[in-house]
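Please set out a briefing on the two-chain model shown below, going through each chain, the side where the chains meet and the confidence of the prediction.

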Amino acid sequence: MANKILVVDDDIDILEAISLLLKSEGYAVETTTKGEQTYNKVAAFKPDLILLDILMSGSDGRAICKKLKLDDTTKSIQIVMMSAHPGADIDSLNSGADGYIAKPFETKDLLKIIKHHLK
Amino acid sequence: MKKVFKYLNPLSHLGDRYYSWIFPFVANLVLCICSEVYAYSIAKNPMAVGVYIIFLNVAFIIYFAFREGIVGGFISTGVTIAYYFYIIYTRHYSGSQYTSGIDTTIILAILYFIIAFIIGTLKQQIDRLIDIQSDERKRLEAIIQQLPTGVIITDNTGTVTHINKQINKILGLKIPIGFKIGTDNITKVKINGDAIDPTQASTIYALTKGKSITGRDLLFERKDGTLAYLQVSSAPITNKKHKIIAAASIITDITQQKELERQKDDFLSMASHELKTPITSLKMFIDLQDKQIIEKDAKKVKYFNERIRDQANRLKELTNDLLDVSRIQTGKLAFNKEAFDIAEIVTDTVEGLQATTKRHKIEVESELKQIVQGDRYRIYQVLVNLLSNAIKYSPQGEKIIVRVKKIKQNVVVSVQDFGIGIEKSQQDKIFDRLYQVTDPEEKTFPGLGLGLYISKEIIERHKGKLWVESAKGKGSTFYFSLPITSKKGNI
């Protein structure tokens with residue numbers, strides 16, 4: 001069965017591009033632009049990995065990551081955070097994320113990090 | 001009485017040099033009359049005045065020459081010599097033997113004039129030096145007071161001799177002249193967060209070490225608790241013998257400069273973030289397009305091309321905004337001038353923006369045709385900005401109302417949303433460069449925070465106004481007015 005990936009980003013264009021790319025690679029993909037909807041999506045979709053943007057309008061990716069990692073039912077989900085802010089890698093790892101990728105990234109690097117965390 | 005003493009003091013200056021001849025004249029005359037009264041009425045001997053009068057006369061000449069300058073000395077001498085001739089004349093006719101003194105008197109006269117001239121010249125030189133010194137002091141004082149930076153000058157003990165009013169403003173306290181700067185009263189100064197060793201404080205350092213400190217940045221805590229970034233320079237002042245006689249310190253408040261630097265850094269970081277976002281999707285759409293080399297799905301190729309074009313447009317808009325800000329700051333924002341119907345542009349813009357939102361219904365309430373003069377594209381830019389803001393800041397709202405009204409000689413366009421609203425305290429700041437509204441949970445919104453700054457500049461350059469009415473949680477209404485011109489007007 002295909003691995004399930006949830007992508008959370010406030011930018012619709014990025015969501016669409018990532019979603020199309022991952023689908024073409026054979027993953028099952030769900031997306032949301034609203035950080036607060038992450039928890040509902042996680043509960044319903046049960047993803048194996050979450051690609052989470054760090055700064056989103058409406059919510060803070062770091063807080064979402066912390067909360068998911070504190071919850072016993074969701075803490076095993078791999079979380080890869082992404083951001084265009086320099087220095088955001090430290091923030092991500094501090095909030096318990098499993099991986100980090102800086103925007104703008106190369107498609108092959110994104111696929112590589114996803115594969116790595118889904119092992 | 002005080003005036004008399006003041007006058008008698010040879011070093012005091014009465015200031016009115018025009019009458020400087022009166023006092024020596026009257027005083028010497030009184031001396032002569034007293035001598036005559038003494039000789040004829042008290043001593044009853046015409047010769048009683050004797051040679052002792054010469055000492056008194058010389059004393060008077062020296063005194064008045066020093067008091068009133070050459071004029072005073074010459075007047076004294078003149079009256080004295082006239083009196084001597086009067087004595088020779090009166091004593092000659094009284095049959096005395098004191099008639100042979102004409103040649104002596106002439107020698108005395110020459111001597112007196114020489115004394116008066118030397119003392120008078122000396123006095124004038126001293127006066128000139130005092131004047132120069134006082135002028136210098138006034139000039140220095142004026143320069144110090146006019147400097148935009150704070151200046152403190154102390155003597156070699158650290159006692160303040162000169163200080164300007166800027167110091168009080170910068171430090172938030174009043175330092176009086178005579179205040180002694182010592183190691184015990186330098187406490188609230190920090191360099192990079194650490195309290196400074198008082199012996200290293202710049203004025204004290206300059207006085208004790210005899211070395212200058214240039215451009216030292218420090219953080220100063222004012223009495224009221226506010227913090228200021230200061231830049232301090234101090235230098236010792238030495239005399240000819242290389243002995244330290246004073247120290248001059250210059251203090252500049254660089255808080256605003258620091259704040260601008262911070263804003264600039266924030267701006268660059270924000271700009272790079274905003275530019276990276278479309279670049280990220282652009283790269284991915286290109287990679288998706290690459291796959292079509294094999295799949296050869298014409299529909300998908302067309303779609304990805306569109307998406308690539310969208311991202312390129314986003315980048316273009318962002319860079320345009322950044323360029324506009326740069327142009328505004330250098331005063332080079334250019335405008336075209338033409339007459340156009342504002343209502344038509346409003347309708348077109350609303351149509352365009354309606355396509356970008358499914359949640360909101362944008363309604364237009366417009367009064368007929370309203371012709372205004374200006375740059376059609378720039379006004380369109382303002383409308384796009386206000387409408388995108390209305391959409392962005394009313395994520396839960398369903399309606400946006402755009403109104404076009406004629407009020408007196410102006411057309412007023414308003415954009416009303418029912419979103420998060422803006423607190424009263426933030427309402428002025430939102431037109432500043434880089435300012436963005438945050439909501440109660442410190443949520444952030446994407447964007448550079450440049451839109452309103454650019455819009456305000458555009459509207460003001462059209463001789464209009466841009467303002468907002470808003471209440472926290474109840475939405476905002478942005479208004480802009482443009483003058484209605486029947487003739488061609490200038491922007």
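Among the contacts in chain A that link residues at least 6 apart in sequence, 58% join residues at least 24 apart. This is a predicted model, and it scores ipTM 0.90 and pTM 0.59. For chain B, the corresponding share of contacts between residues at least 24 apart, again among those at least 6 apart in sequence, is 60%.

**Chain A: elements and sheet**

- Five helices and seven strands make up the elements of chain A, and from the N terminus on they run in the order β-α-β-α-β-β-β-α-β-α-β-α.
- Of the 119 residues in chain A, 40% are buried.
- Five strands of chain A form an open sheet with parallel pairing, in the order β2-β1-β3-β6-β7.
- Strands β2 (28–32) and β7 (99–102) of chain A each have a single partner strand, so one side of each is left without a neighbour in the sheet, and these two strands stand at the edges.

**Chain B: overall make-up and sheet**

- Chain B contains twelve helices and 14 strands, and 26% of its 491 residues count as buried.
- Strand β9(B) runs parallel to β11 (residues 399–407) of chain B, to which six bridges join it, and V364(B) stands opposite V402(B) in β11(B).

**Chain B: a helix pair**

- Helix α11 (residues 376–392) and helix α12 (residues 451–461) of chain B have axes that come within 9 Å and cross at roughly 145 degrees, and the crossing of α11(B) and α12(B) is left-handed.
- On the side of α11(B), the contact is made by R378(B), Q381(B), V382(B), N385(B), L386(B) and N389(B), while α12(B) contributes G451(B), L452(B), S455(B), I458(B) and I459(B).
- Sorted by class, the residues in the contact of α11(B) with α12(B) are five nonpolar, five polar and one charged.

**Chain B: the surroundings of I237**

- I237(B) belongs to strand β6 (residues 227–238) of chain B, and, leaving aside residues up to four places away in sequence, I237(B) touches I245(B), A246(B), A247(B) and A248(B).
- I237(B) counts as partly exposed because 15 other C-beta atoms lie within 10 Å, whereas a buried residue would need 20 or more.
- Although I237(B) and L207(B) are 30 residues apart in sequence, they are 8.6 Å apart in space, C-alpha to C-alpha.

**Where the chains meet**

- In the model, 21 residues of chain B are in contact with 19 residues of chain A.
- On the side of chain B that touches chain A, the elements giving two or more residues are α8 (255–295) and α9 (298–329) of chain B, and the largest share, 14 residues, comes from α8(B).
- The residues of chain B on this side divide into eight nonpolar, seven polar and six charged.

**Confidence of the prediction**

- The pLDDT of chain A averages 90, and 97% of the residues of chain A score at least 70.
- Among the elements of chain A, strand β1 (residues 4–8) has the highest mean pLDDT (95), and strand β4 (residues 55–56) has the lowest (66).
- Chain B has a mean pLDDT of 84, with 87% of its residues reaching 70 or more.
- Over residues 439–444 of chain B the pLDDT is below 50, and this stretch has eight contacts in the model beyond near neighbours in sequence.

Key: Residues numbered from 1 in each chain as written. Chains lettered and ligands numbered in written order. Predicted model: local features only at pLDDT ≥ 70, side-chain atom pairs only at ≥ 80, totals over all residues. Axes fitted to C-alpha atoms, helices over the stretch in contact; angles between N-to-C directions. Helix = DSSP H or I, 4+ residues; strand = E, 2+ residues; numbered from the N terminus. Left-handed = near helix turned anticlockwise from the far one by under 90°. Contact = placed C-beta atoms within 7 Å. Nonpolar A, V, L, I, M, F, W, Y, C, P; charged D, E, K, R; others polar. pLDDT = per-residue confidence, 0-100. Buried ≥ 20, exposed ≤ 12 C-beta atoms within 10 Å, placed from the backbone. Pairing = 2+ DSSP bridges.
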